[in-house]
Amino acid sequence: MAEAEGIGAPSLDANIKDVKGTMDGERPPMSQIEELKQAIEPIKLKYGHYLTQLRPWREFLRVSKPEGDIQQRLQANLTHFQINYAVVFLLQMVIAITMNPSALVVICVLGLVWLAFLKKNDDPTWEVSVGGMQLGKTQRWMVLTACTAIVLLCTVGQLFFSTAFFCAILVMLHGILHPVPEHNFGDVINDVI
């Protein structure tokens, strides 16, 4: 019987010795979508609580004529609807960028440059020297970040600032025209007194 074990498939002990790695109880991603979800999960855990502060859009869209309480309305609405205002700004930026082909091209090219950089920067044998000085991993990050900021400011800066200005005007108008939220009304009165 001992000879039969040696002739057939390798023994179980040999297979166990070949298995390497840690078992942490986590199932590895089976598709790129699962891999993306797994990559986004830490961001969701860290910043997801902000989305819970998003106010209902029906409540957000209510407006009324101010009756001498402009300052109270602004103070209450700016704090109460701050996440809604951020969403409005992001939507305006996305619309402005998609409607401006040059900005869209610049952002796509920068995305590709960053994708290539991130792959190349992980290579331990990649050496970059500027003026005879070797740049480390962190310095390469800083150089590309500075270059990206300059390119974005030169090409998309006007679009960004005009969108930010337009959004600021909308936020001010909304803050003045929206009535003070009911549950914040007592807090605002106490702050004024």
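The following questions and answers concern a predicted model. Residues are numbered from 1 along each chain as its sequence is written, and side-chain values use heavy atoms, with hydrogens and water left out. Local features need pLDDT of at least 70, side-chain atom pairs count only at pLDDT 80 or more, and totals for chains, interfaces and linings use all residues.

Colleague: What pLDDT does the chain average?

Modeller: pLDDT is the predictor's confidence in each residue, from 0 to 100. Over residues 185-189 it is below 50. Where pLDDT is low, the predicted coordinates should not be read in detail. At least 70 is scored by 81% of the residues, and the chain average is 80.

Colleague: Is H7 roughly parallel or roughly antiparallel to H8?

Modeller: The axes, lines fitted to C-alpha atoms over the stretch in contact, with angles from 0 to 180 degrees between N-to-C directions, cross at roughly 175 degrees and come within 11 Å. Angles under 35 degrees count as roughly parallel, over 145 as roughly antiparallel, 65 to 115 as roughly perpendicular and the rest as oblique. Therefore H7 is, relative to H8, roughly antiparallel.

Colleague: Is Val88 buried or partly exposed?

Modeller: Buried means under 20% relative accessible area, exposed over 50%, and partly exposed in between (1.4 Å probe, protein chains only). The relative accessible area of Val88 is 21%, so Val88 is partly exposed.

Colleague: Which residues does Val88 touch, not counting those up to four places away in sequence?

Modeller: Contact means heavy atoms within 4.5 Å. Val88 and Cys167 lie 79 residues apart in sequence, with their C-alpha atoms 7.6 Å apart. The residues touched by Val88 are Trp57, Phe60 and Cys167.

How values were computed: Helices (H or I, at least four residues) and strands (E, at least two) are DSSP runs, numbered from the N terminus.
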